[in-house]
Amino acid sequence: MELFLIFIGAVFVNNFVLVRFLGICPFMGVSKQTETALGMGAATTFVMVVTAALTWLLQWYVLEPFGLPFLQTPVFILVIASMVQLVEMFLHKTSPGLYRALGIYLPLITTNCAVLGFSLIAVQGAYSFIQSLIFGLGAGIGFTIALMLMAGIREELRFADVPKPLAGTGIAFIIAGLLSLAFSGFAGLV
Amino acid sequence: MNESVRMIVVLAVIAMVSGGVLSFVYDWTGAIIAENQLRQMESSVFEVLPGAVRVEPLGTAPSTLVQDDPETSREVEQTTTQIFVGFDAQDKALGYAFVGEGPGYGGAVRILVGVDGESGEILNLAVLNHAETPGLGSKIEEASFRNQFKGKTLDDPIAIGRDIDGISGATVSSRAVAEAVRRGFADAAAAYERSR
Amino acid sequence: MSTSLISLISMGMLGAVLAGGLVVASKKFAVETDPKVDEIEEVLPGANCGACGYAGCRAFAEAAAGEKAPVDGCPVGGSKVAALVAKILGMEPVEGANRKVAQVLCKGGHAEAKLFAEWNGPRDCRIAQSTQNGSFKGCSYGCLGLGTCVEACPFGAMYMDDNGLPVVIEEKCTGCGMCVRACPRDIIVLAEEPQGVHIRCRSLALGKDVRGVCSVGCIACRRCEKECPVDAITVEDNLARIDYDKCINCRKCVAVCPVNTIEYQEGKPVLKKRRAS
Amino acid sequence: MGALIKDFLNGIWNDNPTFRLQIGLCPVLAVTSTALNGVGMGLATTFVLMCSSILISILRNVIPEKVRIPCYIIVIATFSTVVDLVMHAMLPDLHRVLGIFIPLIVVNCILMGRAEAYASKKPVIYAAFDGLGMGIGFTWALTLIGAVREMLGAGSLFGVQLVSDTAATFGVFSLPPGAFITVGLLIAGMNMISTRLRKAS
């Protein structure tokens with residue numbers, strides 16, 4: 001039951017993009033088509049789940065016993081960066097199309113505030129290993145849902161009669177604002 | 001082969017350099033930061049304990065939730081509360097101040113509560129740091145809200161809406177302050193009694 | 001001192017372990033690519049516009065490396081890129097073709113052309129054309145002005161003016177042809193730079209019908225055809241057409257056209273023959 | 001020299017990180033509830049951005065391509081943590097205002113974005129200038145957004161109360177959804193300006 005609560009919390013209530021406002025760069029950058037959005041969501045979810053595992057191990061078996069609190073950010077971000085490099089090589093090999101479509105935004109998963117943010121929150125919340133895994137999975141799926149929602153809307157937006165200066169990125173931000181207002185309705189669910 | 005060796009060496013060296021630099025800077029600034037924080041805490045204690053001239057940290061005590069506020073009776077993890085004793089010019093113990101922490105909207109809200117030694121009433125309350133939304137949650141810093149806590153003792157119930165009216169539009173922040181006050185009040189009072 | 005030693009070692013170890021993992025991964029996921037292909041892709045404009053006939057620059061780079069594509073196969077890059085690619089492949093640079101520039105062959109904006117209705121549907125010419133044949137505009141051959149070509153241009157070389165007509169920014173246009181493909185009414189063509197004279201109309205309707213819906217459309221009065229000293233202009237299906245092999249940019253037709261449909265592009269080199277070879 | 005200045009100015013307007021490239025948005029939403037925060041965040045980010053760009057540009061030939069992401073990020077993380085600690089020790093009062101922003105800089109996409117796209121390919125001088133240009137572009141963008149949000153959300157500017165306390169303020173603007181809308185409208189404004197400029201030229 002506890003795990004389910006964490007999962008739903010991460011996906012809807014504290015959705016990383018629309019409620020906690022982390023990971024906005026890829027959210028705005030990659031949400032032009034649903035395929036790239038799904039690719040980005042999947043890549044980020046993979047990185048999040050693996051990071052959840054590694055950062056938990058590192059925190060409770062390296063940082064805590066040796067008392068190196070100041071190393072927390074660099075160590076976490078180093079793990080995340082290596083995972084992203086791994087994903088980049090994997091995508092470069094298996095699906096070059098998606099690799100080129102993601103372009104600059106693939107390396108930017110490293111600095112995706114949601115990934116580092118969620119690992120810090122998981123550590124501060126003193127989650128157990130399983131809990132932080134579920135939390136990572138929930139965060140990733142929440143991120144993907146938000147990305148797909150936005151991509152779906154933006155694909156329609158291209159043909160909507162939007163005032164010229166607002167077209168493209170301007171309206172995307174306003175839509176994101178409305179989306180996050182809607183998601184704040186989930187507050188208090190958990 | 002040298003390509004992969006080069007990869008390992010470069011990354012390892014850069015990581016090592018970063019580890020070294022960080023730890024060196026941490027050690028060097030650690031002392032100064034602690035110094036700063038102590039002086040900062042001291043100035044807050046003087047603020048909440050009027051008339052206090054000297055401050056002596058009384059160590060920390062485990063903090064437990066004294067009264068169960070129905071809305072926020074979520075499982076609260078243990079945090080340690082820092083306690084300070086304030087002495088006036090004649091070096092007589094005036095009272096004590098303890099640090100309370102509550103879950104705010106944007107993150108943890110840390111406050112310092114000054115309590116009179118004899119009457120056990122709250123003298124004053126200062127917000128140490130918070131990440132509440134400016135313009136809304138940040139109104140907990142205003143005296144009008146904080147002064148409502150004055151005069152309350154350990155046994156008086158402190159709940160937003162009943163004893164203290166919270167800030168409109170910032171109930172989460174107001175409740176965080178209330179919980180921060182309750183948390184650690186009993187242990188601080190007990191620790192102060194023991195030290196007398 | 002000990003904590004910094006520990007932190008030094010632990011960070012170093014972590015770096016080494018992760019790098020080791022990446023080395024293993026790089027072996028497993030090694031993508032054997034011919035380094036030349038990367039080099040060529042680096043040099044190409046990278047717009048993936050498909051003007052070379054391949055699916056994007058990467059595909060063209062692979063074809064060029066495999067000698068399947070000509071060195072100057074990238075029209076967007078022009079002679080500059082052709083020379084670089086040739087150098088990478090160790091071939092001697094070949095004399096590049098004339099630079100191509102997009103020309104919009106319609107002058108019927110809001111001011112000139114009649115509109116039967118105001119289009120409030122999606123801002124896309126293809127949708128307007130495919131759903132209603134663009135019937136909201138009087139002329140069924142003229143520019144619909146919904147900006148699909150501007151959106152298609154990967155180089156930002158086009159913008160819509162207030163009169164509802166696309167304007168090509170000469171310097172930025174690389175002749176990739178994306179706008180030509182995007183326009184549902186084939187109003188945009190790629191003209192080689194030396195060709196200065198353009199008949200800015202595509203309407204095949206009769207003169208009197210054209211005059212009814214547009215003040216600058218070609219009414220097939222044949223004056224330009226008679227005036228041209230080298231018989232470069234012929235009128236077929238009520239539209240004057242230029243044979244650029246014969247045209248010497250003398251601009252007599254421009255002066256004589258009653259509805260000034262024909263325009264001359266300023267600052268173009270006047271060439272006797274169109275292609276030197 | 002001309003290219004240097006062009007790159008520098010580039011970062012301020014036509015390649016403005018917040019409005020045009022749309023990277024580094026997390027702090028934009030979280031932090032720009034007041035103009036002062038915007039300025040603070042901008043300056044702190046500019047400093048770290050410049051230092052990391054310079055160092056990455058120096059190391060650009062040393063770092064092998066396959067491990068470039070972890071290497072860049074360590075440099076950025078180390079710099080921002082060092083800045084955090086040094087500022088915490090040396091300038092405690094400035095740190096009280098900027099304290100929570102500095103750890104945010106590590107995850108600011110601008111640094112990684114510029115490192116990956118620019119600093120790792122250009123010599124040091126270019127990297128430094130680009131970092132400075134981007135930093136200033138980021139700073140004025142944040143300050144503008146912060147000012148708009150503060151005026152609408154809290155009815156004050158740089159802490160100075162403009163409107164009487166009882167006046168109605170749009171609370172939503174001090175919340176992140178308001179930030180989204182503000183940025184959207186500002187981008188629209190910028191587009192209008194640049195199309196007018198292009199028409200004029």
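A crossing of two helices is right-handed if the near helix is turned clockwise from the far one by less than a right angle. Keep that in mind as we look at this predicted model.

**Chain C**

Let's start with chain C, which has ten helices and eight strands. Of its 277 residues, 35% count as buried. Among the contacts in chain C with a separation of 6 or more, 58% are between residues 24 or more positions apart.

**Two helices that pack together**

Two packed helices are described by the angle between their axes and the distance between the axes. How do helix 2 and helix 4 of chain C cross, left-handed or right-handed? Their crossing is right-handed. The axes come within 10 Å and cross at roughly 165 degrees. Angles over 145 degrees count as roughly antiparallel, and therefore helix 2 and helix 4 of chain C are roughly antiparallel to each other.

Here are the residues that meet:

| Helix of chain C | Stretch for the axis | Residues that meet the other helix |
|---|---|---|
| Helix 2 | residues 35-43 | C:Lys36, C:Glu39, C:Ile40, C:Val43 |
| Helix 4 | residues 78-89 | C:Val81, C:Leu84, C:Val85, C:Ile88, C:Leu89 |

By class, this contact has seven nonpolar, no polar and two charged residues.

**Where chain A touches chain D**

Now for a meeting of two chains: 33 residues of chain A are in contact with 34 residues of chain D. On the chain A side, helix 2 (24-29), helix 4 (72-94), helix 6 (113-124) and helix 8 (169-183) each supply at least two residues. Helix 8 of chain A gives the largest share, nine residues. Sorted by class, the side of chain A that touches chain D has 23 nonpolar residues, ten polar and no charged.

Key
Residues numbered from 1 in each chain as written. Chains lettered and ligands numbered in written order. Predicted model: local features only at pLDDT ≥ 70, side-chain atom pairs only at ≥ 80, totals over all residues. Helix = DSSP H or I, 4+ residues; strand = E, 2+ residues; numbered from the N terminus. Buried ≥ 20, exposed ≤ 12 C-beta atoms within 10 Å, placed from the backbone. Contact = placed C-beta atoms within 7 Å. Nonpolar A, V, L, I, M, F, W, Y, C, P; charged D, E, K, R; others polar. Axes fitted to C-alpha atoms, helices over the stretch in contact; angles between N-to-C directions. Parallel < 35°, antiparallel > 145°, perpendicular 65-115°, else oblique.
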